[in-house]
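Thanks for making time this morning. I would like to walk through one protein with you, beginning with the overall fold and ending with a part of its surface.

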Amino acid sequence: MVPSFLGKISYSLYLVHATVLFALAAMLKGKLSPPWIFLIFFPAAILLSWGFYTAVEAPFMRLSRRVGRRNPVHTCDPVL
C-alpha cells in the first residue's frame, strides 16, 4: 500500500521536494537543528506532493486521456 501510494505521487514528489527542503531550511535555519528540519521535511514533502497530485497531476492525466480518444494521431501515415 505504501509503495503504491509513493509510486502514484512520485512525479509530484520529484517536482516539489527541493522547494520544500529549501523553504524549510530558510525558515527554520538557526531555530532548529538540521536533523529536526529533516524530520519535518519528509511529512511536509509527502503531504504537498499528494496535494499537487490531487489538484494538478491527476486531473490533467484524465483530461489527456479524453482528448487523446477524441482526436487520434496516426503516426504511421506517410508524409506526402
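I will take the fold, then the surface as a whole, and then one patch on it.

Please keep in mind throughout that what you are looking at is a predicted model. The protein contains three helices and zero strands, so that, by the definition of helices and strands used here, reading along the sequence gives the pattern α-α-α. If we turn to how the chain meets itself, and consider contacts between residues at least 6 apart in sequence, 68% of these join residues at least 24 apart.

As for the surface, 16% of the 80 residues count as buried, and the accessible surface of the protein comes to about 6,600 Å². Of that accessible surface, 72% belongs to carbon and sulfur atoms.

Which residues make the nonpolar surface patch of about 480 Å²? They are Val-2, Phe-5, Leu-6, Leu-47 and Trp-50. Two helices, H1, spanning 2–8, and H3, spanning 34–70, each supply at least two residues of this patch, and the largest share, three residues, comes from H1.

Why does Trp-50 count as partly exposed? Its relative accessibility is 44%, and because the partly exposed class lies between the buried limit of under 20% and the exposed limit of over 50%, Trp-50 falls into that class.

Technical notes: Residues numbered from 1 in each chain as written. Predicted model: local features only at pLDDT ≥ 70, side-chain atom pairs only at ≥ 80, totals over all residues. Heavy atoms only, no water. Patch = residues over 30% accessible without salt bridge, like charges linked within 9 Å, V, L, I, M, F, W, Y side chains within 5 Å. Areas by Shrake-Rupley, 256 points an atom, 1.4 Å probe, with all protein chains shown as cover. Salt bridge = Lys/Arg side-chain N within 4 Å of Asp/Glu carboxyl O. Helix = DSSP H or I, 4+ residues; strand = E, 2+ residues; numbered from the N terminus. Buried < 20%, exposed > 50% of the residue type's maximum accessible area, 1.4 Å probe, protein only. Contact = heavy atoms within 4.5 Å.
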